[in-house]
Amino acid sequence: MSGFDGLLFATENSSQLGGTVARHLGVELAAHEEREFENGEHKSRSLVNVRGTDVFVVSTLAGDGMQSANDKLCHLLFFIGALKDASARSATAVVPYLCYSRKDRQTKARDPVTTRYVAQLFEAVGTDRLLTLDVHNLAAFQNAARCSTDHLEATQLFVDHFRHVLGDEAAVVVSPDIGGVKRAERVRSRLEAVLGRPVELAFTGKHRSRGVVSGPDHVLGDVAGRVAVVVDDIISSGGTMRRVADMLHRQGAAEVHLAATHALFTAGAESLFSSDAITSVVVTDSVRPALPSELDLAGTGEDARLVVLEIGPLLAEAIARIQGGGSLSELLHLDT
């Protein structure tokens with residue numbers, strides 16, 4: 001990919017993803033330094049001149065065994081602040097997984113609206129643009145941020161994968177809750193277009209209160225005898241996905257495939273790979289899936305239980321278009 005004349009950085013916790021993006025852009029990651037001090041404080045600084053340059057910083061903000069989401073967020077914010085202080089013309093935070101995006105409204109008295117607070121932090125350090133991937137609630141994210149925002153979707157990655165998995169089988173795309181129906185419909189409509197035959201849509205119901213999820217206890221849509229693709233933005237503990245898969249299996253689905261953009265895989269997610277109701281789990285590398293070594297099931301073969309799709313080419317194309325004034329609508333196959 002040619003024509004990119006900005007600088008691309010990646011925080012240390014996202015160096016692998018950043019390296020993939022750089023390779024597809026045809027550039028090297030720009031050099032920077034990250035230092036940790038004895039008391040837990042840290043600093044980050046560019047080791048190259050950024051004056052008058054468009055800079056992009058890749059950093060996915062999901063906590064892991066090495067750093068919490070809070071640590072990663074502070075590292076990124078302080079680094080962007082340093083880049084702006086060093087006279088970068090513009091600074092774009094490339095954040096495939098945006099932490100705190102699930103807390104986007106008050107559901108209990110005196111609840112925080114953390115999505116808005118995080119957006120204000122990015123603005124405070126001078127971030128010019130936020131580039132995200134399948135943020136939990138797009139409208140809430142766009143309304144919270146006053147800086148420019150661009151939003152990518154993994155929809156086409158899933159469509160390209162499942163068009164081969166489905167073959168000639170009857171299919172249904174399933175949302176695990178009512179709030180995700182639009183996401184599932186986008187996958188369904190594109191699958192229908194590339195397969196050249198009808199693909200059904202279904203959804204289930206669930207209720208969350210005080211961190212406890214009840215349901216789903218019903219499914220609306222025709223799933224019997226069909227290959228079901230359950231689409232969501234995040235798999236955390238996998239509890240909801242397991243329950244949905246079990247219900248679809250009981251109602252006669254021929255196979256159940258789970259698809260989610262962000263594989264947080266917190267405690268309990270390993271049970272997804274021992275369930276007889278689940279044929280495969282398909283995620284992207286927006287977050288490096290963390291599973292016990294005995295469950296190292298990643299692969300691209302037809303029999304792989306865990307399939308990880310690469311988002312580097314999508315991010316690289318988006319960055320090149322942003323820096324060059326191109327259209328993201330065309331990239332995302334959106335109607336204009």
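Guide: A disulfide is a pair of cysteine sulfur atoms within 2.5 Å. Note that this model is predicted. The sulfur of cysteine 99 has its closest cysteine sulfur in cysteine 74, at 9.5 Å, and that is too far for a bond.

Visitor: How many disulfides does a search of the whole structure find?

Guide: The search finds zero disulfides.

Visitor: Are cysteine 74 and cysteine 99 buried or partly exposed?

Guide: Buried means under 20% relative accessible area, and exposed means over 50%, with partly exposed in between. Cysteine 74 has a relative accessible area of 32%, so cysteine 74 is partly exposed. Cysteine 99 is at 3% and therefore counts as buried.

Visitor: Next, the aromatic rings. How many aromatic pairs are there?

Guide: Two rings pair if their centres lie within 6.5 Å, and planes over 60 degrees apart count as edge-to-face. The count here is three aromatic pairs. In one of them, phenylalanine 9 and phenylalanine 79 have ring centres 5.3 Å apart and planes at 85°, so the pair is edge-to-face.

Visitor: Which parts of the chain does that pair link?

Guide: The pair links distant parts, 70 residues apart: phenylalanine 9 lies in strand β1 (residues 7-10), and phenylalanine 79 lies in helix α2 (residues 69-85). Phenylalanine 9 is buried, at 0% relative accessibility. Phenylalanine 79 is also buried, with a relative accessible area of 1%.

Visitor: What is the geometry of the pair formed by phenylalanine 265 and phenylalanine 273?

Guide: That aromatic pair is edge-to-face, with 5.9 Å centre to centre and 85° between the planes. Both phenylalanine 265 and phenylalanine 273 are buried.

Visitor: How should I read the nonpolar cores?

Guide: In soluble globular proteins, nonpolar side chains tend to be buried together. The largest nonpolar core in this model has 27 residues. Those with the most contacts inside this core are Val230, Leu248, Leu258, Phe265, Leu272 and Val281.

Visitor: Which elements each supply at least two residues of this core?

Guide: They are β8 (171-175), β13 (227-235), α7 (239-250), β14 (255-263) and β15 (280-284). The largest share, five residues, comes from α7.

Visitor: What does valine 230 touch, not counting residues up to four places away in sequence?

Guide: Valine 230 touches Val174, Pro176, Met241, Val244, Leu248, Val256, His257, Leu258 and Ala259.

Visitor: Which residues does the second core include?

Guide: The second core is separate and has 25 residues, including Leu77, Ala91, Cys99 and Leu130. Cys99 is the buried cysteine discussed above.

Conventions:
Residues numbered from 1 in each chain as written. Predicted model: local features only at pLDDT ≥ 70, side-chain atom pairs only at ≥ 80, totals over all residues. Heavy atoms only, no water. Phe/Tyr/Trp six-rings, centres within 6.5 Å; stacked < 30°, edge-to-face > 60°. Helix = DSSP H or I, 4+ residues; strand = E, 2+ residues; numbered from the N terminus. Buried < 20%, exposed > 50% of the residue type's maximum accessible area, 1.4 Å probe, protein only. Core = buried A, V, L, I, M, F, W, Y, C linked by side-chain atoms within 4.5 Å. Contact = heavy atoms within 4.5 Å.
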